Amino acid sequence: MISHPSRHCTVELQALPSRIGQVRRIVSAQLRYWHLDPLIDRAALGVTELLTNVHQHARPDKSCTVKIELLLDRLKVSVRDSDPRLPVAGATPDADALATCGRGLAMVAAVSDSWGALPDGESGKVVWFTLPAVARAAPPRPPQRPAVEKPARRFAEVGAPVDLLRPEHAPARSAAVG
């Protein structure tokens with residue numbers, strides 16, 4: 001189910017690899033709708049990392065809810081799942097920089113202004129991050145066409161008539177020796 005009120009968007013899903021790409025596209029489209037295009041890459045990366053954590057670690061099921069909220073001065077992205085265990089950031093200063101797993105929350109921290117995790121009721125948690133909401137600029141206006149003072153000439157009127165059977169000039173030749 002997807003709801004699109006004016007200042008938030010909520011998506012309920014199973015955190016499966018095939019669904020993560022769909023949620024990235026939904027988040028990207030919603031941010032374009034809100035004229036927050038500069039935030040798309042960071043928000044999509046953050047939500048991907050949070051959903052990947054749900055897919056890899058959440059028990060007993062992979063059900064979750066993604067919510068993006070446009071607040072006064074920031075964008076808040078949160079993922080709620082039914083696993084009460086709070087996440088632990090895996091990347092430490094001495095961690096392997098080339099590791100392919102265990103760096104998700106460190107990446108979220110790197111691309112966001114703030115992030116956190118809170119217990120949600122008796123069973124579940126919410127993991128969230130925020131991004132600064134940039135000033136919304138008006139959509140670009142299409143370029144104005146200059147006023148035409150006289151009508152454009154037709155193709156046949158462009159130049160003098162040419163006899164295609166009798167060339168006026170010799171064909172071009174290459175100056176390269178070879």
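**Figure 1. His35, in the loop between H1 and H2.** This is a predicted model, in which local features need pLDDT of at least 70, side-chain atom pairs count only at pLDDT 80 or more, and totals for chains, interfaces and linings use all residues. Residues are numbered from 1 along each chain as its sequence is written, and side-chain values use heavy atoms, with hydrogens and water left out. Helices (H or I, at least four residues) and strands (E, at least two) are DSSP runs, numbered from the N terminus. His35 has a phi near 60°, a positive value in a residue other than glycine. The relative accessible area of His35 is 38%, which makes it partly exposed; buried means under 20%, exposed over 50%, and partly exposed in between (1.4 Å probe, protein chains only).

**Figure 2. The whole protein, for orientation: 3 helices and 6 strands.** Starting at the N terminus, the elements go β-β-α-α-β-β-α-β-β. The protein has 178 residues, and 28% of them count as buried. Take the contacts (heavy atoms within 4.5 Å) between residues at least 6 apart in sequence: 61% of these join residues at least 24 apart. The accessible surface is about 12,700 Å², with 58% of that belonging to carbon and sulfur atoms; areas come from the Shrake-Rupley method with a 1.4 Å probe, and for residues only the protein chains shown count as cover.

**Figure 3. The largest nonpolar core, with 30 residues.** A nonpolar core here is a set of buried Ala, Val, Leu, Ile, Met, Phe, Trp, Tyr and Cys residues joined through side-chain atoms within 4.5 Å. Val23, Leu31, Val47, Leu51, Leu75 and Val79 are the ones that touch the most other members. Two or more residues each come from strand S2 (8–14), helix H1 (17–33), H2, strand S3 (63–70), S4, H3 and S6. H2 is the top contributor to this core, giving 6 residues.

**Figure 4. A closer look at Leu51, in helix H2.** Leu51 is buried, at 0% relative accessibility. Skip the neighbours within four places in sequence, and Leu51 is in contact with Ala15, Ile20, Val23, Cys64, Val66 and Val79. One of these, Ile20, is 31 residues from Leu51 in sequence, yet the two C-alpha atoms are 6.7 Å apart in space.

**Figure 5. Helix H3 (residues 104–111) and its buried residues.** Gly104, Leu105, Val108 and Val111 are the buried ones. Looking down the axis of H3, these buried residues fall within an arc of 130°, so they line one face of the helix; the arc is that of the directions from the helix axis to the C-beta atoms. Their cover includes helix H2 (40–57), strand S5 (114–119) and strand S6 (125–132).

**Figure 6. Asp120 and Arg80, joined by a salt bridge.** The structure holds 5 salt bridges, each a side-chain nitrogen of Lys or Arg within 4 Å of a carboxyl oxygen of Asp or Glu. In this one, the N to O distance between Asp120 and Arg80 is 2.2 Å. The pair ties together distant parts of the chain, 40 residues apart: Asp120 sits in the loop between S5 and S6, and Arg80 in strand S4 (residues 74–81). Asp120 is partly exposed at 27% relative accessibility, and Arg80 is partly exposed too, at 29%.

**Figure 7. Asp81 and Lys125, a salt bridge between buried residues.** The N to O distance for Asp81 and Lys125 is 2.9 Å. Asp81 has a relative accessible area of 3%, so it counts as buried; Lys125 is buried at 7%.

**Figure 8. The salt bridge of Lys67 and Glu69.** The side chains of Lys67 and Glu69 meet at 3.9 Å, N to O. Lys67 is partly exposed, and its relative accessible area is 29%.

Figure 9. Thr130 is buried, with 6% relative accessibility. Its side chain makes a polar contact of 2.6 Å with the side chain of Ser114. A polar contact is a pair of N or O atoms within 3.5 Å; within protein, one must be able to donate a hydrogen and the other to accept it, and residues adjacent in sequence count only if both atoms are side-chain atoms. Beyond four places in sequence, Thr130 is in contact with Arg74, Leu75, Lys76, Ser112, Asp113 and Ser114.
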